[in-house]
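Please open the model in your viewer and keep the selection panel at hand. The stops below go from one selection to the next.

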Amino acid sequence: MLKGKSLIDPMDFSIDELEEIFKLADDIIENPEQYSKIAFGKILATLFYEPSTRTRFSFETAMLRLGGQIVGFSEPNSTSVSKGETVADTIRVVGCYADIIAMRHPKEGAPKIAAMYSEVPIINAGDGGHQHPTQTLTDLLTIRKIKGNLNNSTIGICGDLKFGRTVHSLIKALSRYKNNKFILISPNELKIPNYIKKEILEKNNIDFVEAKKLEDVIENLDILYMTRVQKERFFNEEDYIRLKDSYILDKEKLELAKKDMIILHPLPRVNEIDYEVDEDERACYFKQAKFGMYVRMALMAKLLGVV
Ligand code: CP
């Protein structure tokens, strides 16, 4: 029973609960009209303390497509946050007006604090370099739709594995399915944090290797998950400039890959996928962005208890 729950971490829901959300998303994709009024009278608040295109617009269009309404901000300085209001107080107040809240915040753990004070479901829409569970729902729905299931894959995750919150959430989630293997491709400075390596991968005996060059491992991959080097998380611009073009996926590298490998990216991209790759049928990142809206429709319908 998902009604009334919050989603802060990808592990908050069981595999069965995730499957419930994916099955509903499948049905919404097939029969959108049937769901176009189910959230009539419900209001989503989007509290975005950090920039976003996909996550905020997909949440908002998801609620509108369910027949509900939206309020929110994308610029906290236009709100009483600029006067020093805490997350706890903002949440208690917004919860008086809205039925469900999606929140993005630069501080790791802020949505968890919000959930402790909230009377309505809180959805973590990304907290600092920590977690991004609804991007993971998007990624899982995309893999499930295109590959048929979430087991038995070799997944290459390439780029900024240190600050990339989508990476941390995806590894956590995919580690719960059967027989998945990870190849973690990054420069030394952007390796996966120890809490993911030790607490998730090693503790659960998940098969993984770390690599430095994409072209050395691309032939083994069923899924390639490219990521952007997260400029906004660097303390020093020189380091960012040195590392930002560590990996660029282009046609030449793709020639080494399996014909049925799929390429995912949470987006936005900067330089890490050449535009010529967009024409390749293995490029699935724009489909992925669309699935993000459908899975957020399913998630909110479940948390609101309107299905
Ligand atoms: N994937 C993702 O979180 O994109 P936005 O930052 O545009 O929301």
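Predicted model: local features only at pLDDT ≥ 70, side-chain atom pairs only at ≥ 80, totals over all residues.

Then turn to Arg-54, whose side chain places an N or O atom 2.9 Å from an oxygen atom of the ligand.

Now widen the selection to the residues around the ligand, which are Ser-52, Thr-53, Arg-54, Thr-55, Arg-104, His-132, Gln-135, Pro-266 and Leu-267. Colouring this shell by residue class will separate two nonpolar, five polar and two charged residues. If you colour by domain instead, you will find that domain 1 (10–131 + 292–304) and domain 2 (134–289) each contribute at least three residues to the shell.

With the shell still displayed, bring up the pockets of the protein; the ligand sits in the largest pocket.

For the last stop, select Lys-83, Arg-165 and Arg-228, which an unreviewed UniProt entry annotates with the feature "binding site". These positions are spread over 146 residues of sequence and are also spread in space, with up to 33.1 Å between C-alpha atoms. Which of these residues does the lining of the largest pocket include? Select Arg-165 and Arg-228 to see them, as both belong to that lining.

Terms used. Residues numbered from 1 in each chain as written. Heavy atoms only, no water. Near = heavy atom within 4 Å. Polar contact = N/O pair within 3.5 Å; in protein donor to acceptor, adjacent residues only side chain to side chain. 1 Å grid on protein atoms, 1.4 Å probe; cavity = no way out; pocket = protein on both sides within 12 Å on 5 of 7 lines; lining within 4 Å. Sits in = over half its atoms within 2 Å of the grid points. Nonpolar A, V, L, I, M, F, W, Y, C, P; charged D, E, K, R; others polar. Domains from an automatic or database assignment. UniProt positions renumbered as here; feature names shortened; annotations may be inferred.
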